[in-house]
Amino acid sequence: MPTVSVKWQKELYSGVEIDTTQPPYVFKCQLYDLTGVPPERQKIMMKGGLLKDDSDWSNLGVKEGQKIMMMGTADEIVKAPEKGPVFMEDLPEEEQVVAVGHSAGLFNLGNTCYMNSTMQCLHSVPELKSALIEYPQSGRSTDLDQSSHLLTVATRDLFSELDKNVKPVAPMQFWMVLRKKYPQFGQLHNGSFMQQDAEECWTQILYTLSQALRSPNSSVNVDTVKKLFGIDLVSRVHCAESGEESLETESVYSLKCHISHEVNHLHEGLKHGLKGELEKASPSLGRSAVYLKDSSINGLPPYLTIQFVRFFWKRESNQKAKILRKVDYPLELDIFDLCSDDLRKKLEAPRQKLRDEDGKKAGLKLKEKNSASADSDVKMSDAEGPSNGSGESSKATSAEGGASDKNEQLTGVYDLVAVLTHKGRSADSGHYVAWVKQENGKWIQFDDDNPIPQREEDITKLSGGGDWHMAYICMYKARTIAM
């Protein structure tokens with residue numbers, strides 16, 4: 001890759017690398033990191049005129065050591081006056097993030113919306129961020145390859161950048177390391193990077209983190225990713241032809257919502273996803289036979305990930321086609337009836353206590369409402385703490401309103417905290433967007449570098465049935481109760 005010098009105002013940046021295999025927009029994102037000048041404001045003088053986003057590097061004749069001139073105004077935080085009110089724009093970016101109520105967006109580096117939306121969803125898991133903060137910069141385990149180590153470090157650094165900024169972040173380093181670890185995400189078509197499947201990106205990143213965060217030399221919990229996302233399944237595998245039957249166990253990071261003409265709701269699709277057929281060798285028959293597999297959940301995670309199986313391989317067109325059928329999903333998901341008998345027994349006591357707590361809250365709310373209607377001059381007090389409609393909803397509190405220090409138990413009830421949607425007819429085209437619930441209870445649509453506030457009631461409308469954004473991956477957070 002040729003290195004050039006970039007002159008901007010009074011500054012001269014030497015040794016700036018240009019990757020000529022990537023579009024010029026990526027180079028502009030590099031300059032944004034150096035100068036703070038957003039790509040759309042940059043005017044870069046090259047031999048033959050201005051550098052455009054769709055320019056062909058081979059026609060520009062870039063030479064080693066070439067000096068390039070850039071014009072443009074950097075985004076700067078307006079300095080506060082010595083005296084007077086302090087406005088949000090005057091605060092350091094870390095404080096602006098708190099004031100705005102959401103973190104930064106991510107620049108699209110060329111069909112990278114699948115990656116951006118995946119990272120915004122995973123970034124919403126505070127326990128994952130905490131584990132990454134403890135991950136060592138160097139001194140990786142001997143059984144972890146270098147590319148996995150670098151991708152883990154890049155994930156940690158990207159999450160840190162998102163938390164410190166309100167302005168869009170260019171995920172250059174992360175994207176480069178991701179393509180090095182998984183070359184399929186660097187596929188080109190007519191000189192441009194191809195759109196990829198967000199679910200594949202999600203799966204590969206979680207797999208890498210699961211390897212890195214259980215590294216013997218790591219100070220974090222050895223089972224961090226499995227502890228956060230792992231779902232234990234127990235399956236009855238039965239062959240009707242031979243009468244053979246066995247029990248199998250496995251751990252997965254997501255449940256599948258299978259979509260057919262019978263499925264109208266997420267719950268129905270999950271039931272379909274837990275049943276299936278497989279063909280394998282039968283010891284008693286001495287040949288292959290068809291087995292029926294009936295699975296149930298035997299262990300629940302704090303974060304439940306669900307993939308809507310919307311894409312399938314269409315032989316006629318030789319590409320992934322999309323199922324557009326509308327499948328409704330709730331803000332609150334109860335999966336008790338999908339659990340094994342053993343797990344249901346463990347959940348009974350926490351679920352009963354959760355119902356009791358919800359009953360107390362409902363009674364207190366009714367009491368406050370009656371009090372307010374009796375005396376309109378008296379303001380209703382917020383004695384019940386955060387409710388499901390605002391603020392944190394994943395943890396039940398005691399009757400006095402304070403969270404207990406006792407052991408938190410799962411209840412089988414989950415609250416929606418993130419939705420990754422796809423708009424378009426094919427997995428390899430269209431557009432991916434993340435819709436993420438913030439710590440303050442508000443929902444933000446992360447459309448690449450553009451965060452947009454959304455109403456909670458609009459989140460469940462992303463259920464499909466047309467060409468609008470439709471849910472592809474949903475992430476739910478467990479509602480726990482102190483026992």
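This is a predicted model: local features need pLDDT of at least 70, side-chain atom pairs count only at pLDDT 80 or more; totals for chains, interfaces and linings use all residues.
Let me begin with strand 1 (residues 3-8) and strand 2, which run antiparallel and are joined by 5 bridges; strands here, and helices later, are DSSP runs numbered from the N terminus, E of at least two residues for strands and H or I of at least four for helices. Residues are numbered from 1 along each chain as its sequence is written, and side-chain values use heavy atoms, with hydrogens and water left out.

Staying with that pair, W8 has E11 in strand 2 as its bridge partner. The sheet around them is open and mixed in its pairing, with 5 strands in the order 2-1-5-3-4, where two strands pair if DSSP finds at least two bridges between them. Its edges are strand 2 (11-17) and strand 4 (49-50), each of which pairs on one side only. Helix 1 (residues 24-35) packs on this sheet and touches strand 1, strand 2, strand 3 (43-46) and strand 5 (67-71), its direction making about 135 degrees with that of strand 2; contact means heavy atoms within 4.5 Å, and angles run from 0 to 180 degrees between N-to-C directions, with axes fitted to C-alpha atoms, for helices over the stretch in contact.

What about the cavity? A search of the whole structure finds 1 cavity of 30 Å³ or more, a cavity being a set of points on a 1 Å grid over the protein atoms alone where a 1.4 Å probe fits but cannot get out, with lining residues having an atom within 4 Å of a point. The largest cavity holds about 30 Å³ of space, and its lining includes F27, Q30 and W57.

Within it, strand 8 (residues 231-238) and strand 12 (residues 287-299) run antiparallel, joined by 7 bridges, and V234 has S296 in strand 12 as its bridge partner.

Finally, the axes of helix 3 (residues 113-123) and helix 6 (residues 172-181) come within 12 Å and cross at roughly 110 degrees, and these two helices are therefore roughly perpendicular to each other, a label that covers 65 to 115 degrees. In this contact Y114, M115 and M119 of helix 3 meet F174, W175 and L178 of helix 6.

Methods: Angles under 35 degrees count as roughly parallel, over 145 as roughly antiparallel, 65 to 115 as roughly perpendicular and the rest as oblique. On a 1 Å grid over the protein atoms alone, a cavity is a set of points where a 1.4 Å probe fits but cannot get out, and a pocket is an open set with protein on both sides within 12 Å along at least five of seven lines; lining residues have an atom within 4 Å of a point. Grid points are joined across faces, edges and corners, and a volume is the space filled by probe spheres set on the points.
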